[in-house]
Amino acid sequence: MIKALSQKLAGSEWFVQAGPRLMRAFDPVARRLAGSRMTERGRIPALLLTTTGAKSGLPRAVPLACLPEPGGALLVVGSNFGGPRHPAWTANLLAGGRATVRFGGREFPVTASMLSGADREEAWSRLVAHQAVYARYTERSGRELRVFRLIPQH
């Protein structure tokens with residue numbers, strides 16, 4: 001029920017404008033209540049991605065929905081809530097390829113690769129099956145959403 005409600009909310013027109021501000025305000029509270037752990041328990045899995053700003057060189061943290069893969073990799077989508085531009089964190093990953101992830105109560109470095117071709121299509125079908133809102137975001141934004149695979153570096 002929570003997942004269906006969040007999908008409906010995230011797919012609404014007004015959320016494209018209000019979502020980023022709401023999430024920035026809500027996320028620290030949610031993380032504090034969860035004991036600094038993003039949880040999965042039947043809900044939408046989430047992680048905290050910290051990249052290095054492509055222009056500033058400063059650390060930039062952003063909460064993201066994700067899809068865990070067998071073997072420990074994580075898929076993330078640069079949806080920007082269906083907005084017309086790619087989110088800044090995707091440019092940071094393209095520029096550096098390395099980041100830090102907090103997921104499942106652990107923090108670890110990752111190497112990021114943007115998927116294309118058959119790899120992207122296969123991952124995309126699983127992502128849309130997991131979160132149908134991505135299809136609406138693609139339609140609304142008029143762009144192909146960037147899909148990244150985050151591979152843990154242990």
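**Why the labels fit: strands, helices and buried faces**

Author: Phenylalanine 103 lies in strand S5 (residues 98–103), where strands (E, at least two residues) and helices (H or I, at least four) are DSSP runs numbered from the N terminus. This is a predicted model, in which local features need pLDDT of at least 70 and side-chain atom pairs count only at pLDDT 80 or more, while totals for chains, interfaces and linings use all residues. Residues are numbered from 1 along each chain as its sequence is written, and side-chain values use heavy atoms, with hydrogens and water left out.

Reader: Why is phenylalanine 103 called buried?

Author: Buried means under 20% relative accessible area, exposed over 50%, and partly exposed in between, with a 1.4 Å probe and protein chains only. Phenylalanine 103 has a relative accessible area of 11%, and is therefore buried.

Reader: How do you know that the span of helix H4 agrees with its number of residues?

Author: The expected span of a helix is 1.5 Å times one less than its number of residues. For the 14 residues of H4 (residues 117–130) that gives 20 Å, and the end C-alpha atoms are 20 Å apart, so the two agree.

Reader: Which residues of H4 are buried, and what makes them line one face of the helix?

Author: Arg120, Ala123, Trp124, Leu127 and His130 are the buried residues of H4. Seen down the axis of H4, they fall within an arc of 120 degrees, so they line one face; the arc is that of the directions from the helix axis to the C-beta atoms. The face turned away from this buried side carries the exposed residues Ala118 and Ala129.

Reader: What puts the buried residues of helix H3 on the same side?

Author: In H3 (residues 88–96), the buried residues are Trp89, Thr90, Asn92 and Leu93. They cover an arc of only 160 degrees around the axis, which puts them on the same side of H3. On the face turned away from that side, H3 carries the exposed residues Ala88 and Ala95.

Reader: Why are S2 and strand S3 said to stand at the edges of the sheet?

Author: Two strands pair if DSSP finds at least two bridges between them. The open sheet of 7 strands has the order S2-S1-S5-S6-S7-S4-S3, with antiparallel pairing. S2 and S3 (67–68) each have a single partner strand, so one side of each is left without a neighbour in the sheet.
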